[in-house]
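Student: I would like to go through this structure one point at a time. Please give the terms as they come up.

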Amino acid sequence: MLDLAERLDPGHRLDAIVVDEAQDFADEWWKRLLTCLRDPETSGIYVFSDESQRVFDRQGSPPVALVPLVLDHNLRNTRQIATAFSPLVGQGMQLKGGEGPEVRFVACAPTEAQDAADDQIDVLLEEGWRPEDIALLTTGSRHPEQVERQAEGNRSYWDTFWDVDQVFYGHVLGFKGLERRVVVLALNESKPRERSRERLYVGLSRARDQLVVCGDRDFVREVGGPDVARRLGV
């Protein structure tokens, strides 16, 4: 990429670059990216980062001076959902997402979390939610439906994200920056691991309107802490 960027003519260089999920951006990627700018002095670079969602073990940082601006208004999630995960946020947060249904917690062992999540999909569909409204996300191993769909190719798999007739099946690591009206989160990690807290934060924050969590009470307390456990009704 660096070789190609250095050979770009001015007409194909970029006036501005936006980097989302920048907490997962590796150091060696920055030079390649900045080389694509039209003018290093006047071109824009905008970086969005949430350190509490650093789910990959990368410690990169932009090699240019940036003006930090704190974005502390939550507009994505209902008050009920945002309240549930707010102890995991590394800063104060103003809840602006409006009212919605209460977050549901289904107590089960990690080995049962996927099956419990599947059952909740049926419940949600019976309640009137459309397949296109719902995503089932796992924190541990991938759901068999996701494995099957990805075996058909990456493009085919992501086409299902836009399919109005299908529930989307994914993993929290691949759903960062995405959202769904309804998320069923399966906490299917056999035990807490490094960055389980970050995975939990990502999973809890992807739903806009309705959140259903299936998992072990002790896991939630250990990973999320007592405040998160209490707000989930654990």
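Tutor: Helices (H or I, at least four residues) and strands (E, at least two) are DSSP runs, numbered from the N terminus. This is a predicted model, in which local features need pLDDT of at least 70 and side-chain atom pairs count only at pLDDT 80 or more, while totals for chains, interfaces and linings use all residues. Residues are numbered from 1 along each chain as its sequence is written, and side-chain values use heavy atoms, with hydrogens and water left out.

Student: In which loop is Glu21 found?

Tutor: Glu21 is not a glycine, yet it has a positive phi of about 55°. Most residues other than glycine have a negative phi. The place of Glu21 is the loop between strand E1 (16-19) and helix H2 (27-34).

Student: Which residues are linked with Glu21 in a network of salt bridges?

Tutor: A salt bridge is a side-chain nitrogen of Lys or Arg within 4 Å of a carboxyl oxygen of Asp or Glu. The structure holds 15 salt bridges. The network joins Glu21 to Asp24 and Lys176.

Student: How many residues apart are Asp15 and Arg38?

Tutor: Asp15 and Arg38 form a salt bridge, with the closest N and O atoms 2.6 Å apart. The pair links distant parts of the chain: Asp15 is in the loop between helix H1 (2-6) and E1, Arg38 is in the loop between H2 and E2, and they are 23 residues apart.

Student: And how many residues apart are Arg76 and Glu179?

Tutor: The side chains of Arg76 and Glu179 meet in a salt bridge at 2.9 Å, N to O. Arg76 lies in the loop between E3 and H3 and Glu179 in the loop between E7 and E8, so this pair also links distant parts of the chain. The two are 103 residues apart.

Student: Why does Arg195 count as buried?

Tutor: Buried means under 20% relative accessible area, exposed over 50%, and partly exposed in between (1.4 Å probe, protein chains only). Arg195 lies in the loop between E8 and H7, and its phi is near 70°, a positive value in a residue other than glycine. Arg195 counts as buried because its relative accessibility is 17%.

Student: How many residues of helix H7 are buried?

Tutor: Helix H7 covers residues 196-204 and is mostly covered. What covers its buried residues includes strand E9 (207-215) and helix H8 (217-224). Among the buried residues are Tyr201 and Val202.

Student: Why does Leu69 count as exposed?

Tutor: Leu69 is found in the loop between strand E2 (44-47) and strand E3 (73-74). Leu69 counts as exposed because its relative accessibility is 71%.

Student: Which element gives the largest share of the lining of the largest pocket?

Tutor: On a 1 Å grid over the protein atoms alone, a pocket is an open set of points where a 1.4 Å probe fits, with protein on both sides within 12 Å along at least five of seven lines; lining residues have an atom within 4 Å of a point. The largest pocket holds about 1400 Å³ of space, and 46 residues line it, with Val47, Phe48, Ser49, Asp50 and Leu71 nearest its centre. The elements giving two or more residues to this lining are E2 and E3. The largest share, 3 residues, comes from E2.

How values were computed:
Contact means heavy atoms within 4.5 Å. Grid points are joined across faces, edges and corners, and a volume is the space filled by probe spheres set on the points.
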